[in-house]
Amino acid sequence: MPQFHHRDTARLVRHGRWVLGLSQEDFAARLGLDVTDVRALEAGRAGPTTISGASLVTLLSGGAVPSAFGRV
């Protein structure tokens, strides 16, 4: 199985956020994260946890995910 590195996640997050037309703040709100978490993901300093990883996949595939503010 190929290894998946934080830099791969960073590219996917940046590109996916760009495709969705979301700011880092809006992207973070939809995932129920703090904007500093999104910045760390995009910089390759962090990888998604299992829960946020599943939410990330859902959001980037065009679905809505629960956020800290209810359903989006």
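## Arginine 11 and its partner

With a relative accessibility of 46%, arginine 11 counts as partly exposed; the term covers residues between buried (under 20% relative accessible area) and exposed (over 50%), using a 1.4 Å probe and protein chains only. Its side chain meets that of aspartate 8 in a salt bridge, at 2.7 Å from N to O. Here a salt bridge is a side-chain nitrogen of Lys or Arg within 4 Å of a carboxyl oxygen of Asp or Glu. Aspartate 8, at 17% relative accessibility, counts as buried.

Both residues sit in helix H1, 3 residues apart, or about one turn of the helix. Helices here are DSSP runs (H or I, at least four residues), numbered from the N terminus. An α-helix has 3.6 residues a turn, so residues three or four places apart point the same way.

## About the model

This is a predicted model, in which local features need pLDDT of at least 70 and side-chain atom pairs count only at pLDDT 80 or more, while totals for chains, interfaces and linings use all residues. Residues are numbered from 1 along each chain as its sequence is written, and side-chain values use heavy atoms, leaving out hydrogens and water.

By the salt-bridge rule, the count comes to 3.

## The buried face of H2

Helix H2 spans residues 24-31, and its buried residues include Gln24, Phe27, Ala28 and Leu31. Viewed down the axis of H2, the buried residues fall within an arc of 100 degrees, so they line one face of the helix; the arc is taken from the directions from the helix axis to the C-beta atoms. After H2 comes glycine 32, with a positive phi near 75 degrees.

## Leucine 12

Back in helix H1 (residues 6-20) we find leucine 12, which is partly exposed at 49% relative accessibility. The C-alpha atoms of leucine 12 and leucine 41 are 9.5 Å apart, although 29 residues separate the two along the chain.

Note on methods:
Helix = DSSP H or I, 4+ residues; strand = E, 2+ residues; numbered from the N terminus.
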